[in-house]
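Please keep the sequence and the structure at hand.

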Amino acid sequence: MSSTFVKKKNPGGIIKCKGAVAWGAGEAMTIEEVEVSPPQPSEIRIKVVSTSLCRSDLTAWLSQAQPPLFPRIFGHEASGIVESVGEDVTEFVEGDHVLTLFIGECMSCKQCVSSKKSNICQQLGLERKGVMHSDQKTRFFIKGKPVYHYCAVSSFSEYTVVHSGCAVKITKDAPLQKVCLLSCGTAAGLGAAWNVADVSKGSTVAIFGLGTVGLSVAQGAKIRGASRIIGVDTNPEKNEKAKAFGVTDFINPNEIEEPVQQVIKRMTDGGADYSFECIGDTEMVTTALQSCCDGWGVTVTLGVPKTKPEVTAHYGLFLTGRTLRGSLFGGWKPKSDLPSLIDMYLKEEIMIDDLITHNLPFRDINKAFDLMVAGKCLRCVIHMPNE
């Protein structure tokens with residue numbers, strides 16, 4: 001299909017626009033004309049401005065899970081402008097600037113009212129079926145046939161529909177082409193360090209995987225005053241980049257002759273106070289646990305595993321006082337907490353810009369996937385056409 005067709009806008013009705021559609025696992029996306037339904041009650045329709053490629057998009061795109069959820073529009077880390085609102089929506093109006101949220105916040109369920117105990121909303125948690133939370137249907141169609149969603153966001157489209165609880169209004173002072181990273185990766189890393197692990201001043205930290213999430217963990221640990229931040233990655237090019245985010249020591253497992261956990265234990269006099277698994281490798285979770293110290297060592301796992309979702313570890317690691325914690329979106333309650341991170345960015349208290357290694361037009365979305373597969377990017381920000 002030609003990419004020069006004209007977008008047809010119909011306020012309150014169906015919009016026809018460009019969407020990057022994946023037709024099968026690992027198959028290159030094609031830019032198609034998609035029909036985007038109007039927002040239903042408690043939903044909003046968003047004009048996507050910028051959306052970045054997250055590794056979980058890549059993992060889901062490559063997945064051979066059954067039943068297959070294709071054709072599908074991926075993308076969940078995005079910024080945009082509200083185009084229209086559905087019935088009962090009072091929080092948003094047309095023209096509001098927003099970030100999309102892959103986990104929502106209904107503000108009323110047991111989890112949402114749990115203070116800081118949890119951010120896993122019972123109504124708007126992680127959506128895995130490729131449909132909307134409200135009615136289990138899609139809002140995307142191609143020639144009348146449904147197209148699956150991803151995480152109830154699907155931002156690889158010029159327009160998308162999300163539940164109003166899966167978006168947060170942000171100040172118009174925030175650059176949409178940068179702050180889209182806070183709708184997933186950067187916020188997830190900072191929150192893992194601050195909310196989940198609660199890194200303390202003077203502590204030692206080990207981080208496995210120095211992608212966007214791992215570097216954001218390092219940044220969070222640095223801000224908290226960690227005395228030593230050890231980064232572990234097989235890509236030697238990450239060494240220099242990591243220093244800017246607070247990493248003090250770099251270990252490439254391919255360049256040492258002993259297990260990495262032994263190196264870390266020697267460097268930290270018996271083990272790090274905190275370790276973070278940011279790769280999505282459940283075997284690495286065990287290594288991270290072994291890198292922690294007895295008594296109070298805390299390991300946080302953030303990565304989405306590509307294979308083997310089960311974690312195995314010797315019970316003795318826990319008997320001696322180590323703790324393993326999971327982290328989804330860094331423990332942030334997304335609608336309540338993200339505006340404060342936006343403020344921190346505008347005050348230059350946290351770094352986002354240096355995590356963006358590539359800026360690509362929407363038509364080059366497959367190049368972003370190629371770069372991530374090859375390990376040659378941190379975040380590729382994909383920019384939608386202005387009109």
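**A pocket and a strand**

Helix H3 (185-196) and strand S15 (323-326) each contribute at least two residues to the lining of the second largest pocket; helices (H or I, at least four residues) and strands (E, at least two) are DSSP runs numbered from the N terminus. The model is predicted: local features need pLDDT of at least 70 and side-chain atom pairs pLDDT 80 or more, whereas totals for chains, interfaces and linings use all residues. Residues are numbered from 1 along each chain as its sequence is written, and side-chain values use heavy atoms, without hydrogens and water.

A pocket is an open set of points on a 1 Å grid over the protein atoms alone, where a 1.4 Å probe fits, with protein on both sides within 12 Å along at least five of seven lines; lining residues have an atom within 4 Å of a point. The second largest pocket has 16 lining residues, of which Lys116, Lys117, Asn119, Val196 and Gly331 lie nearest its centre. By class, this lining comprises four nonpolar, seven polar and five charged residues, with Asp, Glu, Lys and Arg counted as charged, Ala, Val, Leu, Ile, Met, Phe, Trp, Tyr, Cys and Pro as nonpolar, and the others, Gly among them, as polar.

Strand S3 (residues 43-52) has nine of its 10 residues buried, that is, under 20% relative accessible area (1.4 Å probe, protein chains only). S3 pairs antiparallel with strand S4 (residues 77-85) over eight bridges, where pairing requires at least two DSSP bridges. Arg45 stands opposite Ser84 in S4, and Val161 is its bridge partner in S8.

Notes:
Buried means under 20% relative accessible area, exposed over 50%, partly exposed in between (1.4 Å probe, protein chains only).
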